[in-house]
Amino acid sequence: MIKMPSVILQCEGITVEFDGFKAVQGMNLTLEHGELRFLIGPNGAGKTTMLDVICGKTRASSGKVAFHRTDGVIDITRKKEHHIAELGIGRKFQAPSIFPTLTVFENLEIAMRQKRGVFATLFAKMTAADRERIEKQMTLIGLQDKALWRAGGLSHGEKQWLEIGIMLMQEPNILLLDEPVAGMTDKETDKTGELLKEIAKSRAIVVVEHDMEFVRNFASKVTVMHEGKLLKEGTMDDVQNDDHVAEVYLGKRRDADVSRSTA
Ligand SMILES: Nc1ncnc2c1ncn2[C@@H]1O[C@H](COP(=O)(O)OP(=O)(O)OP(=O)(O)O)[C@@H](O)[C@H]1O
């Protein structure tokens, strides 16, 4: 059996400037294989910008992003977004980008064919193995009973799951998710939590999240950003008991809970 290297992504000294304003300043972030990492922090802390840098949507003005794959370490700092996606880093944005008039099944089928990348395969017949793969994916995202539903008719939560399913069809090694439970009902939020745990068994995930109650459901490492910098990294307990974090979130009130913070 091939032993997986423990580190899968290493961001070092990332700085991002927008017209002279430093949205991210010397940020470090190291992600391990199979890790589910939460990136939290108040509005404007630079969380989304960090995801943008990793997926190649935004260029860092300095710093380095290294993607550790089984075939070697790749410097992705200057690579184009589509190339980074092909290498195995998938990014899900807040707004769904599914095809609303196509069914759940068809949305996943298109994603599967895109992965193959050959134009001819768009017209190729689907094999039993392909069908099985799509069905497996639908079961994972909890939409197996809605295979023939038009995606546009799904609930908000179901659309988000479908989109995660679409990303998984691309077989990424790392998934980057921006507020995956925003706007979800409590039940949908719980189901999303289970889904993320399941996905993290075989992939690394970085989740930008505002909902602290949601984050507390995971025994994961939490990275707190503030004003473009790393403020604290540790378990949710470490983070909640940290004076600097409390200050940033609560204006010096240590006793209050940061639950359901929309800071
Ligand atoms: N394209 C841009 N041009 C100029 N400024 C930007 C741009 N993108 C982000 N910023 C600024 O950079 C800072 C960090 O933004 P970012 O969206 O990364 O923060 P965030 O931690 O994700 O915040 P939120 O939780 O509100 O989404 C903010 O002050 C934001 O206004």
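Two conventions. Residue numbers start from 1 along each chain as its sequence is written. Since the model is predicted, local features need pLDDT of at least 70, side-chain atom pairs count only at pLDDT 80 or more, and totals for chains, interfaces and linings use all residues.

The ligand first. Around the ligand are Phe18, Ala23, Gly41, Asn43, Gly44, Ala45, Gly46, Lys47, Thr48 and Thr49; a residue counts as near when its C-beta atom, placed from the backbone, lies within 6 Å. By class the shell has 3 nonpolar, 6 polar and 1 charged residues, where Ala, Val, Leu, Ile, Met, Phe, Trp, Tyr, Cys and Pro are nonpolar, Asp, Glu, Lys and Arg charged, and the others, Gly among them, polar.

Helix α1 (residues 47–55) gives the largest share of that shell, 3 residues. Helices here are DSSP runs of H or I, at least four residues, and strands are runs of E, at least two, numbered from the N terminus. In α1, 9 of the 9 residues are buried, so the helix is largely enclosed by the rest of the structure. Buried means 20 or more other C-beta atoms within 10 Å of the residue's own, with C-beta atoms placed from the backbone. Gly56 follows α1 with a positive phi, near 85°.

Now strand β9 (residues 222–226), with 4 of its 5 residues buried. β9 pairs with β3 (residues 36–40) in the parallel sense over 3 bridges; pairing requires at least two DSSP bridges. Leu39 stands opposite Thr223 in β9. To β10 (residues 229–234), β9 runs antiparallel, with 5 bridges. In their hairpin, with 2 residues between the strands, Glu227 has a positive phi near 50°.

Methods: A residue is buried if 20 or more other C-beta atoms lie within 10 Å of its own, exposed if 12 or fewer, and partly exposed in between; C-beta atoms are placed from the backbone.
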